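Welcome! Take a moment to look over the sequence and the 3D view, and then let us walk through a few of the details together.

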Amino acid sequence: MSEILQAWRKDLEFCKRCGLCMPICPTGIANDWYQSKTPRGRMLLLYGLVNSELKPTKTLAERLHTCTLCGYCAVKCPSGLKLDEIFIDARRALHSMGIKLPHLEEVSRRIKESGNPYDMPAEERFMWLDYGDEKPVFEGKAGLWVGCTLSYRRPETAANVYSLLRKLMNVALVKEETCCGAPFYLAGDLNGLEEQLLKAIKVVERLGYELLITPCPSCARAFTEYAEKLGLDRGFDVEYLPVFLYKLLNEGKVPELSLNGLKVAYHDPCEAGRHMNIFDEPRAVIKAVKGIELLEMNGNRLFSNCCGGGGLYIALDSAKAVAIAERRLKDLPRDVNALVTACPSCEVNLSIAVANVGIELEVLDVAEVWHRALSRLKS
Ligand code: SF4
Ligand code: SF4
């Protein structure tokens, strides 16, 4: 059995089978509590695997990927087990044993051939510029790393983020931007991650950027946490956009902003919240705009319910991933006009859910709140 999993043997044995991790699991709920699609079920499967009672099969791998890696189960576990870390390592172990799942193979092929997981042509990466008025600038010391999901799936948001940053500072686009490699990490393919992340780092370094700002928490984690795990050096700083905006605010570099009549709720993305411990900064950025009322969702911060957009689950079962987002909408406080978040994947999945449910609700990135306030200021 793989050494990667053996390292977790004690934790797998320590699981009390209490099931306290189960009621909050989004994929458990979406799959009608089918045991092997719940966190406790996954722990039992892995226990069987390390003890050679079970074989590493495609079905077992599929159960491990029926998970958004939201990390909520780890918050709930009274034994303090780091379930999401165990599950990501288990994905890595199964991948290293040659267990390949078709949806992961497809994501991998797309990134290798097109530089993004959506199979979109690389030359169309900056098509989102058509959604705004800003001219593309490709040279500078600070670069905006838009990320694949905003570039190809949320073009208007990408344009608003760029426009906001251009109004606040001298920021440029990274001409040869490509996938950061984060999907490989989620697939358990560390070789794929290393190859793609190194490619991305080299692009940024070659173009001479000293600072890279990204609105995507997955990209931010790839350039920092994953690069560190792999021992990859990078010659530039990385800032996750809501934190960067928060710093600008504290440095007094932002004009007074106001926007009347907007009542919003903030959804904590799992990647930013539970995985990066970023809870306060996005809220402070929203609250910096006078006239905005910020309400909390039922289930917030460390206890935020997942939107279904993470862990590549959407590539395995998009209908259930969207059903998770529809369920998340039930946590909204009454009478909000906008749901604000800080993760492109959340924005995509929640927008689909809003359209499916048929409610009047805007889904905005935190930066778009400032963009709107700043645009009104200048008009
Ligand atoms: S990480 Fe999230 S989706 Fe995965 S088992 Fe835990 S609660 Fe369920
Ligand atoms: S809450 Fe922790 S101890 Fe209980 S079943 Fe889940 S993983 Fe095991």
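Which residue in E8 does alanine 265 stand opposite? In this predicted model, alanine 265 faces leucine 295 of E8. That pair belongs to a parallel arrangement in which strand E6 (residues 263–266) and strand E8 (residues 293–296) are joined by four bridges.

Strand E6 has another parallel partner as well: three bridges connect E6 to strand E9 (residues 338–341). Here valine 264 has alanine 338 in E9 as its bridge partner. Here are the two pairings in brief.

| Strand pair | Direction | Bridges |
|---|---|---|
| E6 (residues 263–266) and E8 (residues 293–296) | parallel | four bridges |
| E6 (residues 263–266) and E9 (residues 338–341) | parallel | three bridges |

Now let us turn to the second largest pocket, which holds about 260 Å³ of space. Where does this pocket lie? The second largest pocket sits between domain 2 (102–248) and domain 3 (254–378), because both domains give residues to its lining.

Three elements each supply at least two residues of that lining: helix H10 (155–168), strand E10 (362–365) and helix H19 (366–378). Helix H10 contributes the most, with four residues.

Key
Residues numbered from 1 in each chain as written. Chains lettered and ligands numbered in written order. Predicted model: local features only at pLDDT ≥ 70, side-chain atom pairs only at ≥ 80, totals over all residues. Heavy atoms only, no water. 1 Å grid on protein atoms, 1.4 Å probe; cavity = no way out; pocket = protein on both sides within 12 Å on 5 of 7 lines; lining within 4 Å. Points joined across faces, edges and corners; volume = space filled by probe spheres on them. Domains from an automatic or database assignment. Pairing = 2+ DSSP bridges.
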